[in-house]
Amino acid sequence: MKTTPEHNERIAKMTFGSVYPHYLAKVEKKGRTKEELHQVIEWLTGLDEKKTQKLIEENVTFETFFKKAKIHPNAHLIKGLICGYRIEEIENPLTQNVRYLDKLVDELAKGKKIEKILRNE
């Protein structure tokens with residue numbers, strides 16, 4: 001399934017702070033911790049919990065959030081389906097980064113070991 005320009009625009013304009021509580025609820029419901037969620041976010045983006053919290057408070061969009069991020073060099077190793085999209089086939093870099101994060105949160109919620117989620121080969 002290919003993303004459309006409208007889909008990419010909608011993701012870019014969505015605020016990170018509006019999605020973050022859903023990430024947190026999803027992982028906590030499955031017995032994972034806020035600390036583990038932040039470990040995953042920091043691995044992907046280079047943004048620690050303090051910086052992430054500041055961006056949430058500033059109500060930044062995903063576009064701004066990922067502009068502040070330094071994507072991990074192993075992020076390309078995140079593969080598979082998320083929301084009906086094959087991550088490695090997403091052409092829009094911002095949409096792909098958001099889906100990378102979605103996939104990592106999913107893996108955390110499904111009980112995958114942190115060492116496996118953080119693809120540090």
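1. Contact, in this note, means heavy atoms within 4.5 Å. Please keep in mind that this is a predicted model, in which local features need pLDDT of at least 70 and side-chain atom pairs count only at pLDDT 80 or more, while totals for chains, interfaces and linings use all residues. Residues are numbered from 1 along each chain as its sequence is written, and side-chain values use heavy atoms, with hydrogens and water left out.

2. Let us start with Asn8, which sits in helix 1 (residues 5–13). Helices (H or I, at least four residues) and strands (E, at least two) are DSSP runs, numbered from the N terminus. Is Asn8 buried or exposed? Asn8 is buried, because its relative accessible area is 13%; buried means under 20%, exposed over 50%, and partly exposed in between (1.4 Å probe, protein chains only).

3. Which residues does Asn8 touch, leaving aside its neighbours within four places in sequence? They are Thr3, Asn92 and Thr95. With Thr3, the side chain of Asn8 also makes a polar contact of 3.2 Å. A polar contact is a pair of N or O atoms within 3.5 Å; within protein, one must be able to donate a hydrogen and the other to accept it, and residues adjacent in sequence count only if both atoms are side-chain atoms.

4. Now look at how helix 1 meets helix 6 (residues 93–109): their axes come within 9 Å and cross at roughly 60°. Axes are lines fitted to C-alpha atoms, for helices over the stretch in contact, and angles run from 0 to 180 degrees between N-to-C directions. The two helices are therefore oblique to each other; angles under 35 degrees count as roughly parallel, over 145 as roughly antiparallel, 65 to 115 as roughly perpendicular and the rest as oblique. On the helix 1 side, His7, Asn8, Ile11 and Ala12 meet Leu94, Thr95, Val98 and Arg99 of helix 6. Sorted by class, this contact has 4 nonpolar, 3 polar and 1 charged residues. Here Ala, Val, Leu, Ile, Met, Phe, Trp, Tyr, Cys and Pro count as nonpolar, Asp, Glu, Lys and Arg as charged, and the others, Gly among them, as polar.

5. Helix 6 also has helix 3 (residues 34–45) as a partner, with axes that come within 10 Å and cross at roughly 150°. That makes helix 3 roughly antiparallel to helix 6. Among the residues that meet here are Val40, Ile41 and Trp43 in helix 3 and Leu101, Leu104 and Val105 in helix 6. How many nonpolar residues does the contact of helix 3 with helix 6 have? There are 10 nonpolar residues, with 1 polar and 1 charged.

6. Beyond its neighbours within four places in sequence, His72 is in contact with Trp43, Leu44, Arg119 and Asn120. His72 is buried, because its relative accessible area is 19%.

7. Lys50, in helix 4 (residues 49–57), is exposed, with a relative accessible area of 72%. Lys50 and His38 are 12 residues apart in sequence, and their C-alpha atoms are 9.7 Å apart in space.

8. Finally, two backbone angles are worth a look. Most residues other than glycine have a negative phi. Asn59, in the loop between helix 4 and helix 5, has a positive phi of about 55° although it is not a glycine. Cys83, in the loop between strand 1 and strand 2 (85–86), has a positive phi near 55°. Cys83 is exposed, with a relative accessible area of 52%.
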